[in-house]
Amino acid sequence: MAEPTTSVGATRKCRVNVINPNTTASMTEVIVGAARRAAGPGVEIVGRTSAFGAASIEGHYDEALSAVGVLKAVAEGEAQGCDAHVLACFGDPGLLAAREIATGPVIGIAEAAFRAASFVSTHFSVVTTLTRTKVIAEHLALVYGAERACRRVRAVDVAVLELDDPASNTRGLLVAECRRALEEDHVGALVLGCAGMADLAEDLSREFGAPVIDGVGAAVKFAEALVSLGLKTSKYGDLAHPLPKARTPF
């Protein structure tokens, strides 16, 4: 597993464990960069690459594998004294399980992006990577109660590990699909449906004159706010710590 990367402000308010649930370290750097740009003064970002799972998460099987790595990374963050955790994959893999073992808030970037979009627009559309993954975002919109606000999930059909390849023309395809979403879906905001797109949100917002939301930045800001309010993950009900029993360790 890659060594954690850290950014520290003048006076630390909180330490946020930002987890890349896939095993590709170069994507972690993109994610950590977006997290650092969003973090307020005194917020420490600890970037972590999953030690277990797939190189990219592009389906239900990949998500299931990645959940184990996510839980291990959350446990490591807890041991390091992190105040909150961000799961930087748009499928929010292992989110509820992670909340069971965490003391502080655990925020998935899909949920964070949906919540943020609903604050700034009545309706929004999602633009993600592959068509086969659209159903995951659609399912999460239902789970999070955002199905009425989310007009449509679109895809540019660029694989996650090809997002930074100039030959893939990721930005050009995103611009075209985002423009179609604004014109055809009649939405006021757009959500980028992949952590690997995090570094494009600000530029696209300027281009369209409409909010384009990156879930990594939104999740970091929500984590920062919850920690500042002194809110932790509830240990009443289903998010209580796991029952003691024999388990195979990570």
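Reader: Before we get to the sheet, what makes two strands pair here?
Author: Two strands pair if DSSP finds at least two bridges between them; in this predicted model, strand β6 (residues 124-128) and strand β8 meet that in the parallel sense, over four bridges.

Reader: And which residue stands opposite Val 126?
Author: Val 126 stands opposite Val 191, which belongs to β8.

Reader: What does β8 join through three bridges?
Author: Three bridges join β8 to strand β9 (residues 212-214), and these two run parallel; within that pairing, Leu 192 has Asp 214 of β9 as its bridge partner. Between β8 and β9 the chain passes through helix α7 (residues 201-208), giving a β-α-β crossover that is right-handed.

Reader: Which residues of β8 are on each side, and are they buried or exposed?
Author: Strand β8 spans residues 189-192, with Ala 189 and Val 191 on one side and Leu 190 and Leu 192 on the other, and all four are buried, so both faces of the strand are covered. In a regular strand, side chains alternate between the two faces of the sheet.

Reader: Switching to the whole protein, how many helices and strands are there?
Author: The secondary structure comes to eight helices and nine strands, and 54% of the 250 residues count as buried.

Reader: What is the radius of gyration, and how does it sit against a compact globule?
Author: The protein has a radius of gyration of 17 Å, which agrees with the value near 18 Å that a compact globule of 250 residues would have. Along the principal axes, the C-alpha atoms fill a box of roughly 50 × 40 × 35 Å.

How values were computed. Residues are numbered from 1 along each chain as its sequence is written. This is a predicted model: local features need pLDDT of at least 70, side-chain atom pairs count only at pLDDT 80 or more; totals for chains, interfaces and linings use all residues. Side-chain values use heavy atoms; hydrogens and water are left out. Buried means under 20% relative accessible area, exposed over 50%, partly exposed in between (1.4 Å probe, protein chains only). A crossover is right-handed if, with the strands pointing away from the viewer, the path from the first strand over the helix to the second runs clockwise. The radius of gyration is taken over C-alpha atoms; the globule rule is 2.2 Å times the number of residues to the power 0.38.
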